[in-house]
Amino acid sequence: MNDTLTHEQLNADRASVLGFWVYLMTDLVLFASLFATFMVLRDNTYGGVSGKDIFDLSFALKETIILLMGSFLSGIALVLAAQDKIAQTLRWIAAAGFFGAWFITLEISEFASLITDGHGPDASAFLSSYFTLVGTHGLHVTIGLVWLVALFVAIQRRGLTRPMLRKMALLTIFWHFLDIVWIFIFTIVYLFGAL
Amino acid sequence: MNNQDYMREIGVLPDGPKESVRGYLIGLLLSLALSFGAYAFAVRHALSRSELMGLLIVLALSQFFVQSAYFLHIRRETVPGRDRLFAYCSFSIIVAIVVVGSLWVMTHLNARMMNPEEQMEYMEMH
Amino acid sequence: MLAVGALFAGFITFGGYWGYLWREWFTSLDPKRIGIMYIVLSLVMLVRGTADAGLMRLQQVFAVGNSSGILEPEHFQQIFSAHGTIMIFFVAMGIMFGLINVALPLLIGSRDVAFPFLNSMSFWLFAAGAALINTSLILGDFSRAGWLAYPPLSELAYSPTSGVDYWIWSLQISGIGSLLSGVNFLTTIATMRAKGMNYMRMPMFAWTVAGSMALVVFAFPILTATLSLLALDRTLGMHFFTADGGGNMMMYVNLIWAWGHPEVYILVLPAFGIFSEIVPVFSKKKLFGYTSMVWSVVAISFFSFIVWLHHFFTMGAGGDVNAFFGIMTGVIAIPTGVKIFNWLFTMYRGSIRFPSPMWWFLGFVGLFTIGGITGVMLSQPAADFQLHNSLFLVAHFHNMIVSGVLFGYFAGLTYWFPKMFGFTLDEKWGVRAFWLWFWGFILAFMPLYLLGFMGATRRLDHYDASLGWQPLFIVAAIGAVVIVLGFLAQVIQLFVSIRDRELRRVGNDPWDGRTLEWSVSSPAPEYGFRALPIVSSRDEFWARKHGAPIHDEAGEIVMPKNSWLGIAIAACAYFGGFAIIWHIWWLLALALIALLIIVIERTFDEDTERIITV
């Protein structure tokens, strides 16, 4: 359905995927720094609350499942896009976005209740590092959602052209990667925290 | 070139639609199982603390490999895939160095810090 | 500085040059142009960094006994903080990215980098960071906490003014630019090498850039994270590194050096690469031990990631930890030594010429080796406990940076100047500049080694007359003057060369080079190669000059269109940073919204290329 694809263009598209991948890896190092900081400061509660006091594991599990669903759905959407099924693609993109938005809403509610209880990020080193690590992840998910909306609108307008497909692929890679980071947040922050 | 081939050529969807969907489903089910499993073990302390932490790490790493394989399609065969695999492995080593290295250094530093009483004594003497 | 800037701006305005500059330079996505802009801006920042150094030397000459010197302590502290920050982030990094932009694509037989728009954006983010740090001269003050701003001194409690915030945000903004450049150049090397140029046929400069950029992508995220944490402490009252609230300031030191050590290798590896290009050309002999050179780059890159604790042996991690990092630090001298020997073996029995790049190389061999040896001394924790934060340390790292990084970059600038501008630099003044820098460096820094042994610490704004240090500080100040004369010689060199440029015009291959950049005209055309080369050996250009058949790929020449969005994004970054520093929250919101709109606009813009017919 598209015009001819030159060798240079294909190479450029491969380079685009590799470049985005390398950028994601740098994000991995960013998270590693935040993880290291969290692990070093997790016991510095300054007389205040610790993980045991504030973490609700079933809530964290719920967040985990929701994010995982979003990641899965975006993958399915990509498979449908590769088959030029535009209407279905848009539906599954919207579904993935719904789960992502649900995740963010849950996270914001958790943060808000902690802050109103006086356990905000300025209360202790533990809380600073908790809010920053989990918040940075949440910020990435939020940016992903904005990107998703923009992509949705663009696909509606331009159809499933090769550039749209490539951009969608990058978005799904982004999402999968964020889910991988969350695995470690779930384990190291929440599960370890409640032990 | 149709979109299906294009996605394979740029290394994003290396398999056909049926295999891809199957892959995503397997990835989803395994990830769900590993997440629930980790949660279940964490709330039901059958083991000692360090054994439990070890198990949870193993479960997390397993899910990491599952998602890398089934969601991110990391594999060796194609040239684009090889570059990404190389990057993935290099960065994982760096992440391990930064995290483990920092923890090693910081626990040593923290262990050798004077406690508040010792600090007061020292300051009074000097 | 303001006066000079105003004069310059006036010259541009009244000469009607703004249009030309905007079209041909500022909005250009041509890496050769972007590279030159990086270099020009870095040399401007070099003036500021050198002025800071001069003031520091003067202060330490006069501030003995009863005299408090020429500067107030608060001012002196800002000056030494600015000196280090500017030299590392806005001079060294800038010249490095400039040279890589100018030379790398041509060396690997490519017309451009992988992401031309990102390239432009990276430069403008660098410029925005420089603009922010220069703004601190006019509005507010600068950090007094040194070039790395250790907490708790850099926390709000002890640095309540805008200074540390300027430091944080100018580094954060230019750091994002650096990170994106790392992604860009790595992807370029991975995907845009000429046909037939497998990795083991790549020029060594490309290998060292690959190593350096790998370090950039590994290390700069750590800087981003650490600066953010300090900013969160200062702006939102968090407690990562504060004295209260459970903060652990040692974690800052740990993280900042986990970035900081790779950073110095990021700077020096391309300098090594430049020498690997220059020495074979001026010895008329292929590089000795190419394979071992490649492995030494890989080794240096890897090892530079497991030595960072040697910057804080004295913080108290204990014998086991110190021993590990000390040994690893000593080990890294080995691949470096391999490289030096390989360059010397390249020269051995070669047909050697001595244009000024070779002088920079020889100066490097002598001085850098001394600096390396002092580094091995410092790598022993027991010795380091005496020498940490003394002038011995200061002498060591200036030794590495000046005779390693700076001499290498000067050699590269001279070597590639004709490719950038079409005429060569005046040799006489170039050699004079070298000798002034060489002897200036010795006079300025060898006394510091002695002072370090005698107990002098760094960042001293005053000392007792009875210590007997003043004579050595006077020698050091004389050395600084000689260095400034060297810099002036370079300015004269540039002036004379430009004045006589018609007489100094050269063709595509002024040095009888070995690599592909010398196969295109000087200056290189916008599209680089008319037909993309197909490569069948190392030193492909040399092989072609000596009989190897030429196979090139003819085809359409597709180049990126100009874009002003890189500038726009950097402007948002500048105003956003300014807004955070001064707590102007509506401005921050505006900048972020504008940024979002611009990014989305650019991402979905599909009309970004044009075809050139030659």
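**Surroundings of C:Leu588 in the predicted model.** Leaving aside neighbours within four places in sequence, C:Leu588 is in contact with C:Gly576, C:Ala579 and C:Ile580 (contact: C-beta atoms, placed from the backbone, lie within 7 Å). This is a predicted model, in which local features need pLDDT of at least 70 and side-chain atom pairs count only at pLDDT 80 or more, whereas totals for chains, interfaces and linings use all residues. Residues are numbered from 1 along each chain as its sequence is written, and chains are lettered from A and ligands numbered from 1 in the order in which they are written.

**Helix 19 of chain C and the exposure of C:Leu588.** Helix 19 of chain C, residues 585-603, contains C:Leu588 (helices are DSSP runs of H or I with at least four residues, numbered from the N terminus). C:Leu588 counts as partly exposed because it has 17 C-beta neighbours inside 10 Å; a residue is buried with 20 or more other C-beta atoms within 10 Å of its own, exposed with 12 or fewer, and partly exposed in between. Between the C-alpha atoms of C:Leu588 and C:Phe575, 13 residues apart along the chain, the separation is 7.1 Å.

**The contact between chains A and C.** Chain A contributes 31 residues and chain C 32 residues. On the side of chain A that touches chain C, helix 1 (7-41) and helix 5 (125-158) each supply at least two residues, and helix 1 gives the most, with 17 residues.

**Domains of chain B.** The domain assignment gives domain 1 (1-73) and domain 2 (76-126) of chain B, with bounds from an automatic or database domain assignment. Taken over C-alpha atoms, the centres of these domains are separated by 27 Å.

Definitions and conventions: Two residues are in contact if their C-beta atoms, placed from the backbone, lie within 7 Å.
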